[in-house]
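Hi everyone, thanks for making time today. I'd like to walk you through a structure that may be new to you, so please have it open on your screens.

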Amino acid sequence: MFRSHAGIGPDMIVPESAPSHFRQKHRGETMTRRLPALSLLAAAALLAGCSIANPTSSEVSLQYGAGPFDSRKFVECETDRDVSDVNDDHYYYPNGQRDFTFGDGDGIDSAPLTSTTQDSQEIKVNGTVKFTLNTDCSPFTDPTGKVWPGGKLQMFHELIAYKYDAAPTDGGEQMKPGWTALLRNYVGAALDRATDNEALKYPWQKLYTDAQAKAKWEKDVLAQLPEVLKSLTQGVDLITINSVLLQKPGIQPGLVQGLTDKQAAELRSQAADVDKQAAANFPGGIPGYQAYQQQQAVNEAIKSGKVQVLPVPQGSPILVSPNK
């Protein structure tokens, strides 16, 4: 005896000797129940065979075709989530202003820079450059005639950043260590040249003590920096300089001491001039002023206990002897 068709499960094996209508009914029910599961498996397999670009609002992604059946070439720029071939690669770059810092301490992109002034003194330069990576993806032809379908960002990636392994391959991650090395060799190198060129226009004391001269130096470095940087990137503005902030330059310890001594000498000279003017206007002139100063010195000595005062009868000679 066979069970009724209502009792036949989807995984039950029906003998070939069973009536044909039982066999057809069972197979139909099995296929119907398995279709949703197969659809889910197919979707999962499809997603497993894709790569997903998911740049944040502060990133731009470059997609490159790869894999055994694709040539290694640029596909497109991406600013939104995008699903592509599983073998494709994505490189993420910052979209917005960033800092390049140079100086002493932790978390700095570069050590202090050095420049030479007009009077051949070496100064130490610390500060910050604010810049923006040119993420323009419009098709672009560079000065050599090469066409970049992904614009200046593609040019930056292939000519510079890829060699430093600077860009992460997942969205929302920190830039790789190669990014800092890249900034030192491009922004830092251009800045070093610009500060050198402009520092030669000033003696060190002007940059160290004159606020207006230092502000002019900073302004001139900002004006020169973009062109110097473009000379390192085939004449193309791959990085835009927004501002330059230079701190008061560091000078050699000997110059600091010399400046201190000079200021002290100037103060002594000014005090002497005041004394001369006071003496000339004092009652009795300079002799009267000298007698007054001498009396003031005696009074200070008595107050401090350096001399002893003894009562002397009127008409007797006065002897003042210092304490031992």
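Predicted model: local features only at pLDDT ≥ 70, side-chain atom pairs only at ≥ 80, totals over all residues.

For context, most residues other than glycine have a negative phi.

You will find Gln 234 in the loop between helix H5, residues 211-230, and strand S12, residues 239-246. With a relative accessible area of 41%, Gln 234 is partly exposed.

Thr 144 and Gln 234 are 90 residues apart along the chain, and their C-alpha atoms are separated by 8.5 Å. Where is Thr 144? Thr 144 sits in the loop between strand S10, residues 140-141, and strand S11, residues 147-148. Thr 144 counts as exposed, because its relative accessibility is 59% and the exposed class starts over 50%.

Next comes a residue from helix H2. Lys 152 belongs to that helix, which spans residues 151-164. Would you guess buried or exposed for Lys 152? The relative accessibility is 16%, so Lys 152 counts as buried, given that buried means under 20%. And which residues does Lys 152 touch, once we set aside those up to four places away in sequence? They are Asn 134, Asp 136, Phe 140, Val 236, Asp 237 and Leu 238. One further distance for Lys 152: its C-alpha atom is 9.5 Å from that of Leu 133, and the two residues are 19 apart in sequence.

Let's move over to strand S7, residues 113-116, where Thr 114 lies. Thr 114 is partly exposed, with a relative accessible area of 39%. Leaving out neighbours within four places in sequence, Thr 114 makes contact with Glu 122, Ile 123, Asp 192 and Asp 196.

One more residue before we zoom out. Arg 81 is in the loop between strand S3, residues 73-78, and strand S4, residues 82-85. At 56% relative accessibility, Arg 81 counts as exposed. Its C-alpha atom is 6.5 Å from that of Pro 55, a residue 26 places away along the chain.

Now for the largest pocket. It holds about 240 Å³ of space. Which residues lie nearest its centre? Of the 16 residues that line the pocket, those are Pro 94, Arg 98, Glu 173, Gln 174 and Met 175. The lining is made up of 7 nonpolar, 4 polar and 5 charged residues. Three elements each supply at least two of the lining residues: strand S5 (89-94), strand S6 (97-102) and helix H3 (177-199). Domain 1 (59-93) and domain 2 (95-252) each give the lining at least three residues.

Finally, let's step back to the whole chain. How many helices and strands does the protein chain have? There are 7 helices and 14 strands. The chain has 324 residues, and 33% of them count as buried. Among contacts with a separation of 6 or more, 59% join residues 24 or more positions apart. As for the surface, the chain exposes about 19900 Å², with carbon and sulfur atoms supplying 55% of that.

Notes
Residues numbered from 1 in each chain as written. Heavy atoms only, no water. 1 Å grid on protein atoms, 1.4 Å probe; cavity = no way out; pocket = protein on both sides within 12 Å on 5 of 7 lines; lining within 4 Å. Points joined across faces, edges and corners; volume = space filled by probe spheres on them. Helix = DSSP H or I, 4+ residues; strand = E, 2+ residues; numbered from the N terminus. Nonpolar A, V, L, I, M, F, W, Y, C, P; charged D, E, K, R; others polar. Domains from an automatic or database assignment. Buried < 20%, exposed > 50% of the residue type's maximum accessible area, 1.4 Å probe, protein only. Contact = heavy atoms within 4.5 Å. Areas by Shrake-Rupley, 256 points an atom, 1.4 Å probe, with all protein chains shown as cover.
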